[in-house]
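Let's take a walk through this structure together. Have a look at the chains first, then read on.

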Number of protein chains: 2
Amino acid sequence: MASHTVIFSPLNKAVVVPTGTSLLEAAGKADIVIGSVCAGDGICGRCKMVVKHGKVHNGASLLLTREEIQGGLVLACQTFVEGDLAVEIPEHTLAGERVVVDEDAQRFRALHPGITRKPYARSPLTQRVFLELPTPTLDSNVADAERVMEMITRRTGITTLQIGLRIVRRLPDFLRTHEFAVTATLGRRGTFTEVMDLDEGDLSARNYIAVVDVGTTTVVVHLVKVVTMATVDAQACFNSQAVYGREVTARIMASEKKGVATLQEQIIGDINRLIETLVARNNVHLKDITAVVCAGNTAMLHFLLGLPVHNIRRKPYIAASFAPLPFRAAEMGLRINPRGLLYCVPAIGSWVGADLTAGILATGLHEREDVAMLIDVGTNGEIVLGNKDWLVACSASTGPALEGGSVACGMIAEKGAIEKVGVADGRLQYKVIGDVPPKGFCGSGIIDLIAVLLDRGVIDRAGRFVEGRDPAVEFRQGRGRFVIARKAEGAVKDVFLTQDDIENVITAKAAIFAATKIMLDRLNLDFSGISELFLAGGFGSYIDRRNAIKIGLLPDLPLSRIKYVGNTSIWGAKLAALSSEAFEELHEIRKKTTYYDLLGSDDYVNQFRQAMFLPHTNIELFPSLTESQPTVE
Amino acid sequence: MASHTVIFSPLNKAVVVPTGTSLLEAAGKADIVIGSVCAGDGICGRCKMVVKHGKVHNGASLLLTREEIQGGLVLACQTFVEGDLAVEIPEHTLAGERVVVDEDAQRFRALHPGITRKPYARSPLTQRVFLELPTPTLDSNVADAERVMEMITRRTGITTLQIGLRIVRRLPDFLRTHEFAVTATLGRRGTFTEVMDLDEGDLSARNYIAVVDVGTTTVVVHLVKVVTMATVDAQACFNSQAVYGREVTARIMASEKKGVATLQEQIIGDINRLIETLVARNNVHLKDITAVVCAGNTAMLHFLLGLPVHNIRRKPYIAASFAPLPFRAAEMGLRINPRGLLYCVPAIGSWVGADLTAGILATGLHEREDVAMLIDVGTNGEIVLGNKDWLVACSASTGPALEGGSVACGMIAEKGAIEKVGVADGRLQYKVIGDVPPKGFCGSGIIDLIAVLLDRGVIDRAGRFVEGRDPAVEFRQGRGRFVIARKAEGAVKDVFLTQDDIENVITAKAAIFAATKIMLDRLNLDFSGISELFLAGGFGSYIDRRNAIKIGLLPDLPLSRIKYVGNTSIWGAKLAALSSEAFEELHEIRKKTTYYDLLGSDDYVNQFRQAMFLPHTNIELFPSLTESQPTVE
């Protein structure tokens, strides 16, 4: 195929690409960061450029105004190279060097426009740079390793480069065999950047990072393409360690009997399978995944790294390490590029993990003037309160119910999961992910259903089924269950919520509410002092905030102050993957956050017991419910 | 044995030591750097302190004045603890944080007082710190790894700490078994400091660095005690690679046939044997040697690291790496602490090695206002000329004759080597190292003998033996040799200098002189423009400068401008071992020195031929010789 030179002004960057390459791709190859957010789907209209001369093939677009078209503007993602080109990039199209573009993150930023900080600098933890080195002569006689490093510095501005002996050993022959044109894969390792590997040819566009949230109940992997900064795909599964117990403590005890390595193998296996699914579905080579960036709770990351966990469950609950160094992912058995790196987001405490550090980064809690709160609901609930001057965090043992675990028909938020439940025309309605026959509930569906059952008096404030209220309630050996869909009527199987399920959910929400309340009490604050409350977690869908208040999971704040923000653990980790500056900031957040141990608190049991009702023993804490709702008998 | 607390003011540092410890040792254990230069032998008089109260045992000293004794001053190295003490350290005794005290380096600095820069900061590449960590509680709940690093930062000020997963894995149990009192061994690795290892108890005083000069002909190891910064002992041997050739080029060719690993094993074996000798003689544990710091020419360091060398001998002579990273010494087969690090001094060019970079650092050439020259005579002669603004270096192939190699009765400068030759009462006299019967010559003895033979007309200006001049000259198959000592008269064996030996020396000195001359010519300078000429090399003894001029090894400068400075490769490496600041400066020197390739120079062969006489074809270059010397017939 013919090749063409594209010169981008005003940056004066040039790149050679084959016929048919989009201008957006060409710009990416030239290391130009465009403020595109749709990853080339032609829907965001942000990649406008002007073709000054040369031949292109143009797709139509409704996103350009008549004036723009007359001014010669095109959408770079819909414009394809057919000859040598001179292209001008308008200033507003350039994202500059300080932006992280990711579909998720972008959607998220729209949710909380209050954060005014500049976006983090684009400086991915791993990157690939194509090097065309000058051939050595008597006058250009620097050694091979220094020749490579000098060129990398010139191309990237990175001065703290290190190149290991293993690569130096094969360097002289490798450079000469490939005529001094090679791709260097670079990885940030704390204070320096490692030349991780050298490959022949130009692989600069082929670079992916797997961003992982290692939850106690679910494991989620997002595949991020580094050059475009887009999330290519995502995949989740239940954590296979569940066979050793649903709770962290049970797994620590299991590891004491069977060895940490046993639990390590389980989680490594899960991540490998998720990555394999993603690469197969997206035609990506494992060798082009150059890093894995992991968030997760402290115990899970200890299992992942094979670190001793036994002190975490014994007073005074001391972890082995909060901030492990990046190292070779292959050493842990992760199957990506053999030289690829594994990065861990740092943790705040033994029971307040990297997921919360990532969550603080993603929500920008640490940059706010006013006081905000983040509640991250996982198998452990983690709560942080504060602003730019102080941050206080604690944890509460919730169990997996709110993620669809320890619920008879619970499932991950994927095709077939009931994600919403409501009432229309007096009849109970539900929505299934993928609009297929249902096979279970994800967390958001469970919360909705309990709120609806409470509203309709099918369960009482203690969560017990009331006999004779609804024909869909069946009693077996004195314990009720509510059947929402039946196999006989087209569901994949009978889908129902049991008395045990409801009790598990109440326990979970009571733990969170009690922890929230105690933390505020200690700081002499009440709920009204919270300007914004972020709810994070793997519920599945965007949960119904009103329903979350109704069951007492969230405090009774105006809905405008409550934001469901999804999986902030993944989002924070993704920001860090694409920006070393953000990665560094995670370490600052870790150091400045104070960890309160609530388990040792005298009033915890008391507060927990009070919260074991729907929404709470003390209904005065929920004034909006008594105003607007019919009283439940 | 009883223990006593010694409190040092005004630093307010305290240390607990057993009865009989000297105050100097106690100060060392308290991390106080004293400006002592005799390493506790009681001869430098620089460790003055005042015992404010408490019981001590005092050695007498002539180094204190009556006023000082009346003022309560004692020499810390001659004063021994017998009870709890309060000791005041006068300001002039404190070396502060910016001094490198080493017997060699100190002696050397006395040789060239012209260097005015402040001494390098004391910051050894590896150090041991005894940590007494606070026991974890609910309120002090930081993880084990961060607990260790925070304490190291508090004790050393080092903030860029990294601790590897292997250590973190055993950390929780290790800390608890040893009640949170452990010694951390730290190693600088470029941009960060690694927590290399943890040991039980207080090993802070037990830390040694082996400083190595890997020469083509000789290998020298100095054992440096880090706390006192004294060179404990030194040992040298011939490089075992000599079986593959005396010259670098021959060894590169051998490595192409037999593999680099073969030559690597030889040099690693030499260094291991030298270190074993040193530790045995000084009762040091191998585990307490925490680093090896190597200088040497570029090819030798490539062999040491197993790097490909074949391009070094082929135009355009490109090395694999000039500045390899520090890494685990055990990976190369070096037997020191298994976690100990191997550091290499960076090289300037493929034929101007780390030995010269170290030499520039040691002589301070790069800091001078005026122009100076350093000639480092090894198997390759390396020459550098310049000042603080510019530095130009080149190399000349000399062969090993001047180090005692390729000389029939040549040997390393050790017991039994003739190190000086002169004439007294008309008779030839010599001095043997150790005052024992002679068994050979080291470099300085060879230079002296040739000069004496030339003076006495025993050899002519071409270096040929003149028949009938001296009965000690024997002719065998037409080739003369001068017998200086005979087995029959008490020598270990017949010790003699052959016609071949003389020719090898002439070739060596001609190569150096020619290179020196060409470099000056290219820069439009002549010898008179050199303010100071440093002669470095492993000749053995301090060589006779007049004799070096007589044979034409050195240019005819006033003796006051010529300084023999011994093994600057070792000295520079030692400065770097004890000061990370000096180690960094080596990298700056590497980058700022321009390398001239003289082998490609048209006039080299011509200049070399002219220098093949004693002292030179053009006697006008040596005016002082014709003035003061009787003309040789």
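**Where the chains meet**

Start at the contact between the two partners: chain B puts in 42 residues, and chain A puts in 42 residues as well. On the side of chain B that touches chain A, helix H4 (144–156) and helix H5 (165–177) of chain B are the elements that give two or more residues. H5(B) gives the most to that side, with 6 residues. Sort the side of chain B that touches chain A by class and you get 23 nonpolar, 13 polar and 6 charged residues.

Keep in mind that this is a predicted model. For the complex, the predictor gives an ipTM of 0.79 and a pTM of 0.80. Chain A has an average pLDDT of 88, and 91% of its residues score at least 70. Residues 95–116 of chain A, though, have a pLDDT below 50; this stretch still has 52 contacts in the model beyond near neighbours in sequence. Where pLDDT is low, the predicted coordinates should not be read in detail.

Now find helix H7 of chain A, which covers residues 260–282. Its 23 residues reach 33 Å from the first C-alpha to the last, close to the 33 Å expected at 1.5 Å a residue. Which residues of H7(A) are buried? Among them are A:Val260, A:Leu263, A:Ile267, A:Ile271, A:Leu274 and A:Leu278, along with A:Gln264 and A:Asp270. What covers the buried residues of H7(A) includes strands E12 (208–214), E13 (218–225), E14 (230–238) and E15 (289–296), plus helices H6 (248–258) and H8 (298–305), of chain A.

Key:
Residues numbered from 1 in each chain as written. Chains lettered and ligands numbered in written order. Predicted model: local features only at pLDDT ≥ 70, side-chain atom pairs only at ≥ 80, totals over all residues. pLDDT = per-residue confidence, 0-100. Contact = placed C-beta atoms within 7 Å. Helix = DSSP H or I, 4+ residues; strand = E, 2+ residues; numbered from the N terminus. Expected span 1.5 Å × (residues − 1). Buried ≥ 20, exposed ≤ 12 C-beta atoms within 10 Å, placed from the backbone. Nonpolar A, V, L, I, M, F, W, Y, C, P; charged D, E, K, R; others polar.
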